[in-house]
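Please open the structure in your viewer and keep the selection tool at hand. The stops below say what to select next and what is there.

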Amino acid sequence: MSDEPVMQIGEVATRTDLSLRSLRHWEEVGLLKPSGRSDGGFRLYTEADVDKILVIRRMKPLGFSLDQMRAVMTDIETIADPAAEAKAKETAHDRLRATQEDAADRRDELVRQLAMADEFIDLLSARLR
């Protein structure tokens with residue numbers, strides 16, 4: 001692990017507004033790996049780990065599957081890896097652009113659903129007057 005400040009899972013959970021259970025689950029399914037472990041076996045996270053967690057957290061409400069989230073994380077790491085080949089980086093960029101378009105479509109659908117929810121609430125309010 002680098003010389004970055006490290007945090008234990010409780011602090012990371014608080015900072016990311018996630019449960020310990022979610023963070024542990026993401027590790028179990030291979031979506032996230034802490035940067036290290038303490039001598040006592042506690043998970044240790046860096047700021048870079050927190051950034052990764054926040055990417056995953058932002059994908060979750062859009063309905064991306066674990067496999068899709070894992071692929072995005074792999075592509076982000078490929079792009080950031082100075083040792084990665086240019087072709088691998090280009091492929092990762094292309095996949096992330098496609099995911100960005102998919103995320104925008106999913107967001108648009110959520111906006112439509114929110115508008116319908118607002119209409120329903122207004123309808124009920126009118127009936128209750």
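Predicted model: local features only at pLDDT ≥ 70, side-chain atom pairs only at ≥ 80, totals over all residues.

Residues are numbered from 1 along each chain as its sequence is written, and side-chain values use heavy atoms, with hydrogens and water left out.

The side chains of Asp67 and Arg70 form a salt bridge, 2.6 Å from N to O (a salt bridge is a side-chain nitrogen of Lys or Arg within 4 Å of a carboxyl oxygen of Asp or Glu). Both residues lie in helix α4, three residues apart, about one turn of the helix. An α-helix has 3.6 residues a turn, so residues three or four places apart point the same way.

Next, select residues 66–80, the whole of helix α4. Helices are DSSP runs of H or I with at least four residues, numbered from the N terminus. How far apart are the end C-alpha atoms of α4? They are 21 Å apart, which agrees with the 21 Å that its 15 residues should span at 1.5 Å a residue (the expected span is 1.5 Å times one less than the number of residues).

Within α4, colour the buried residues: Met69, Val72, Met73, Asp75 and Thr78. Then show α3 (47–59) and α5 (86–128), which are among the elements that cover these buried residues.

Stay on Asp75, which counts as buried at 3% relative accessibility. The side chains of Asp75 and Arg95 meet in a salt bridge of 2.6 Å, N to O. This pair links distant parts of the chain, with Asp75 in helix α4 and Arg95 in helix α5, 20 residues apart.

For the last pair, select Lys52 and Glu77, which form a salt bridge whose closest N and O atoms are 3.5 Å apart. Lys52 is in helix α3 and Glu77 in helix α4, 25 residues apart, and the pair links distant parts of the chain. Lys52 is partly exposed at 28% relative accessible area, and Glu77 is partly exposed at 42%.

Key. Helix = DSSP H or I, 4+ residues; strand = E, 2+ residues; numbered from the N terminus. Buried < 20%, exposed > 50% of the residue type's maximum accessible area, 1.4 Å probe, protein only. Contact = heavy atoms within 4.5 Å.
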